[in-house]
Amino acid sequence: MNLLSFTVVLGLLVGTWAQPIVRRPLCDSPEAEEAALVAQDYLNAQHHHGYKYVLNQIDDIKVYAKPDGDEYDMEVDLLETDCHVLDPLPLANCTVRPKVQTAVEGDCDVVLKKVGGVLKVIAFKCKSEVSTEDLCLGCPSFLPLNNTDALDFVHASLTTFNNMTVNTTHVLLEVGRLSSQVVSGGPIFITEYVVVEGNCTEDPCVPLNDAMAARGICTAKGTIAQHSVDCKMFSTLIPIVDANSTAAADPVLPPVVHVHTHGLSHKHGHSHHKLTALHNPHQNVLLSAESAEVVPVVPAAAAPAADYDSAGESLTSKEPPLFFRKRDVSAAIMVDAPAVQTGPVSLVPVCPGRVRFF
């Protein structure tokens with residue numbers, strides 16, 4: 001072999017060795033589930049306004065083997081719950097809002113690193129939007145968080161609540177949701193907002209600057225002249241912790257939630273508190289939810305026992321793998337079986353995973 005040929009062969013070998021090893025776990029595998037839940041908790045920890053989100057579906061996952069630890073690139077779908085970020089209630093006990101209450105969906109690309117068996121989020125990008133599917137005629141509809149009439153109703157209902165309390169005056173901390181609904185008697189407002197114990201040594205009252213100040217969430221319904229209001233005070237304050245940390249949390253101040261009736265979201269007229277959009281954007285070479293990527297699918301009966309290489313091909317079968325474009329997987333539930341089979345074989349797509357709610 002002459003020098004030129006040797007150089008070419010060596011270059012090809014080096015190029016092959018330099019290619020990262022990529023695994024494609026099932027989106028419903030325990031490995032994918034573990035990474036997705038770490039991502040869920042981390043994203044909630046970065047979300048300082050509005051409500052907690054819960055995992056709804058794992059759309060895609062790739063695992064890159066790297067010298068400093070495996071890297072997980074994931075797409076996850078989240079849904080908004082009825083638990084405010086200040087509510088200490090565990091996420092597992094929170095309720096996902098049904099579509100008739102105007103569901104909010106989060107779509108996130110997340111990069112995690114696994115070092116020493118511990119998963120940590122190193123980058124993410126998210127977008128959140130109101131679900132417009134299956135909205136019913138006459139159901140409550142979202143209003144912008146800067147809607148003047150709805151905010152007037154919020155203050156009127158808060159006055160009503162303060163008139164029912166003894167020795168404590170509460171002030172508005174954050175508006176969570178503003179909605180309107182047309183009923184037989186005319187339009188009404190349906191609102192949710194967070195209150196905090198106030199310091200009323202001066203007029204007007206201001207939020208009490210105390211970590212142990214009482215906080216709670218109020219729901220009010222009706223008109224300015226006639227309405228009902230119910231407030232649930234939080235029993236304890238939720239601490240700020242690193243969602244990826246296994247160390248015990250020291251007592252700390254509660255999350256900072258500023259009085260938000262004239263905040264950024266309201267100036268822009270958004271109807272909900274959006275998820276934090278970016279973290280480490282320079283590392284956001286992430287998966288695309290709109291990609292028409294080709295992914296392998298395997299027979300359901302063979303999936304548990306079969307071994308697959310980094311490209312998703314079976315190591316125990318010489319049959320070529322079956323491929324579908326991701327957007328066509330949901331429609332491809334049956335395919336023709338090999339000649340030795342007498343009927344169709346069900347397929348299990350690698351991704352996306354199961355839908356937990358809707």
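1. Tyr 42 and Phe 124 are both buried (under 20% relative accessible area; exposed is over 50%, partly exposed in between; 1.4 Å probe, protein chains only). The model is predicted, with local features requiring pLDDT of at least 70 and side-chain atom pairs pLDDT 80 or more, while totals for chains, interfaces and linings use all residues. Residues are numbered from 1 along each chain as its sequence is written, and side-chain values use heavy atoms, with hydrogens and water left out.

2. Searching the whole structure gives two aromatic pairs (ring centres of Phe, Tyr or the six-membered ring of Trp within 6.5 Å; planes under 30 degrees apart are stacked, over 60 edge-to-face, the rest tilted). In one of them, the planes of Tyr 42 and Phe 124 meet at 70° with the ring centres 6.2 Å apart, so the pair is edge-to-face. Tyr 42 belongs to helix α2 (residues 30–46) and Phe 124 to strand β5 (residues 118–130); the pair thus links distant parts of the chain, 82 residues apart. Helices (H or I, at least four residues) and strands (E, at least two) are DSSP runs numbered from the N terminus.

3. Phe 153 and Phe 189 also form an aromatic pair, a tilted one, with 35° between the planes and 5.5 Å from centre to centre. Here too distant parts of the chain are linked: Phe 153 is in helix α3 (residues 148–164), Phe 189 is in strand β8 (residues 186–199), and 36 residues separate them. Phe 153 counts as buried because its relative accessibility is 0%. Phe 189 has a relative accessible area of 18% and is therefore buried as well.

4. A further ring to check is that of Tyr 51. Arg 97 lies over its face, at 4.6 Å from the ring centre (the criterion is NZ of Lys or CZ of Arg within 6 Å of the ring centre and within 35 degrees of the ring normal).

5. Leu 143 sits in the loop between β6 (141–142) and α3. Its relative accessible area is 13%, so Leu 143 is buried. Leaving aside neighbours within four places in sequence, Leu 143 is in contact (heavy atoms within 4.5 Å) with Ala 150, Leu 178, Ser 179, Ser 180, Phe 189 and Ser 271. Phe 189 in this list is also a member of the tilted pair with Phe 153. Between Leu 143 and Thr 191 the C-alpha to C-alpha distance is 9.7 Å, across 48 residues of sequence.

6. Which residues does Thr 102 touch, not counting those up to four places away in sequence? They are Val 130, Pro 140, Phe 142 and Arg 177. Thr 102 is located in the loop between β3 (70–84) and β4 (104–115), and counts as buried because its relative accessibility is 4%. Glu 80 is 22 residues from Thr 102 in sequence and 9.9 Å away, C-alpha to C-alpha.

7. The whole structure holds five disulfides (cysteine sulfur atoms within 2.5 Å). Among them is Cys 83 with Cys 94, sulfur atoms 2.1 Å apart. The torsion about this S-S bond of Cys 83 and Cys 94 is about -110°, so the disulfide is left-handed. Because Cys 83 lies in strand β3 and Cys 94 in the loop between β3 and β4, the pair ties together parts eleven residues apart in sequence. Both Cys 83 and Cys 94 are buried.

8. Is the disulfide of Cys 108 and Cys 126 left-handed or right-handed? The S-S torsion of Cys 108 and Cys 126 is about 115°, so this disulfide is right-handed. The pair connects distant parts of the chain, with Cys 108 in strand β4 and Cys 126 in strand β5, 18 residues apart. The sulfur atoms of Cys 108 and Cys 126 are 2.1 Å apart, and both residues are buried.

9. In the disulfide of Cys 218 and Cys 231 the sulfur atoms are 1.9 Å apart. The link of Cys 218 and Cys 231 is right-handed, with 110° about the S-S bond. Cys 218 is in strand β10 (residues 215–222) and Cys 231 in strand β11 (residues 227–233), so the bond ties together parts 13 residues apart in sequence. Cys 218 is buried at a relative accessible area of 0%, and Cys 231 counts as buried at 16% relative accessibility.
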